[in-house]
Amino acid sequence: MLGSMSTRTEDTIALDRRHVAHNYAPLPVVAASALGAWITDVEGRRYLDCLAAYSAVNFGHRNPEVIAAAHAQLDALTLVSRAFHSDRLAPFCAALAQLCGKDMVLPMNSGAEAVESAIKVARKWGADVKGVPAGQGTIIVARNNFHGRTTTIISFSDDDTARRGFGPYTPGFRSVEFGDADALADAIDDHTVAVLLEPIQGEAGIVVPPGDYLPRVRRLCTQHDVLMIADEIQSGLARTGRTFACDHWSVVPDVYLLGKALGGGVVPLSAVVADEHVLGVLHPGEHGSTFGGNPLAAAIGTTVVDILRRGEFQRRSAELGAHLHDRLQGLTGRGVLDVRGKGLWAGVDIDPALGSGKQVSLRLAERGVLVKDTHGSTLRFAPPLVITADEIDWAVDQLAEVLGH
Ligand SMILES: Cc1ncc(COP(=O)(O)O)c(C=O)c1O
């Protein structure tokens, strides 16, 4: 618990315990407002946000350009469903397709929905285009993946907590070690329709693969007529210092999965982006979503694409990310065992003797820094990309102090 919890915080958390399903264990901070990289709680205490809603707030809380686009669209049109066209959807899809160097976009809402949609598209592509007997297409995934929480997606998760009790599971997936291209080559057979992976594994602890891995995955997929699907829902959209994490290896997947920051931290907006010979397998009635591609989300998404086209956040993430990594590396041997990541995205393994990741997160919150633990004693630093070098220094100083150095 935070040192001086006051009644408003306590009351809200008590109400939460009674009425909000217990599927998360949040830090005891009750946010009331936010701007840029800072969150203010119901007591007026300020916190430097070093999580950015798992990268959904890459461009800063209440980014002025995004908020202006949202306000303007709220005053015009918010939802028609896909039963009619809106004047917002096609321009958004055209802009996003161009950013990705692809032909088409399938707009959805949550990240998990984009992954689900891509699985359906890959299976249909396997049957209709590749000629795999219907119902027999398999998709190769990576160990320790995280792609969301639906029944099908947890079917190929290795996280026992995410899976246990939720069966029966969806068949059709084969899992191989992340980073091992030989294992992937061995797993591909005539029924393989796709390889689905995060270019950098986020929830697993910001795990960056060996340098030749993604280029080899790309070559194997091309050789065997298999779709390479890159889940860039957390790693994409400037987080790692490039528009897409795949760009670090000059790899272009067949399918990009995007979400989180695509909605500007305002609305859920996700997308499957691919060429026509892939997304063209979908016909009317075969897939859909009432809110997918709604005018409000599309207007916000168009603004996000405009922001990304300018490249300022990619540059900030690369430059400030180098600074963040330098500072965190300076703590190795002083309570930190390992630091991984790219750009303003870092997984920091804490010496378990100094406390669990959750305990260290709580101590950081008491000092005004919000981070999220993942897998025992790993902390994830993923601040909004508007963070400054001074703020990074201050956050790392707080970490050094809670680790006793
Ligand atoms: C790589 C990746 N894919 C998919 C998802 C699922 O996104 P959502 O929570 O919006 O369903 C996440 C969420 O953390 C993610 O990190």
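Analyst: Two strands pair if DSSP finds at least two bridges between them. Note also that this is a predicted model.

User: What makes β3 and β13 a pair?

Analyst: Strand β13 covers residues 369–370, and β3 is joined to β13 by 2 bridges in the parallel sense. The cut-off is at least two bridges, so this counts as a pair. Asp 49 stands opposite Leu 370 in β13.

User: How do you know that β2 and β3 pair, and in which sense?

Analyst: Between strand β2 (residues 38–41) and strand β3 (residues 46–49) there are 3 bridges, in the antiparallel sense. With at least two bridges required, β2 and β3 therefore pair. Thr 40 has Arg 46 in β3 as its bridge partner. The two strands form a hairpin with 4 residues between them, and Gly 44 in the turn has a positive phi of about 90 degrees.

User: Why are α3 and α11 called roughly antiparallel?

Analyst: Two packed helices are described by the angle between their axes and the distance between the axes. Helix α3 (residues 64–74) packs on helix α11 (residues 295–310) at about 150 degrees, with the axes 9 Å apart. Angles over 145 degrees count as roughly antiparallel, so α3 and α11 get that label. Their crossing is right-handed.

User: Which residues of α3 and α11 meet?

Analyst: From α3, they include Val 66, Ala 69 and Leu 74; from α11, Leu 296, Ile 300 and Val 304 are among them. By class, this contact of α3 with α11 has 10 nonpolar, 2 polar and 1 charged residues.

User: Which residues come nearest to the ligand, and which helix gives the most to the shell?

Analyst: There are 15 residues around the ligand, of which Ser 110, Gly 111, Ala 112, Gly 148 and Gln 234 come nearest. Helix α5 (residues 111–130) gives the most to the shell, with 3 residues. By class, the shell has 5 nonpolar, 7 polar and 3 charged residues.

Key. Residues are numbered from 1 along each chain as its sequence is written. This is a predicted model: local features need pLDDT of at least 70, side-chain atom pairs count only at pLDDT 80 or more; totals for chains, interfaces and linings use all residues. Axes are lines fitted to C-alpha atoms, for helices over the stretch in contact, and angles run from 0 to 180 degrees between N-to-C directions. Angles under 35 degrees count as roughly parallel, over 145 as roughly antiparallel, 65 to 115 as roughly perpendicular and the rest as oblique. A crossing is left-handed if the near helix is turned anticlockwise from the far one by less than a right angle, and right-handed if clockwise. Two residues are in contact if their C-beta atoms, placed from the backbone, lie within 7 Å. Ala, Val, Leu, Ile, Met, Phe, Trp, Tyr, Cys and Pro count as nonpolar, Asp, Glu, Lys and Arg as charged, and the others, Gly among them, as polar. A residue is near a molecule or strand if its C-beta atom, placed from the backbone, lies within 6 Å of it.
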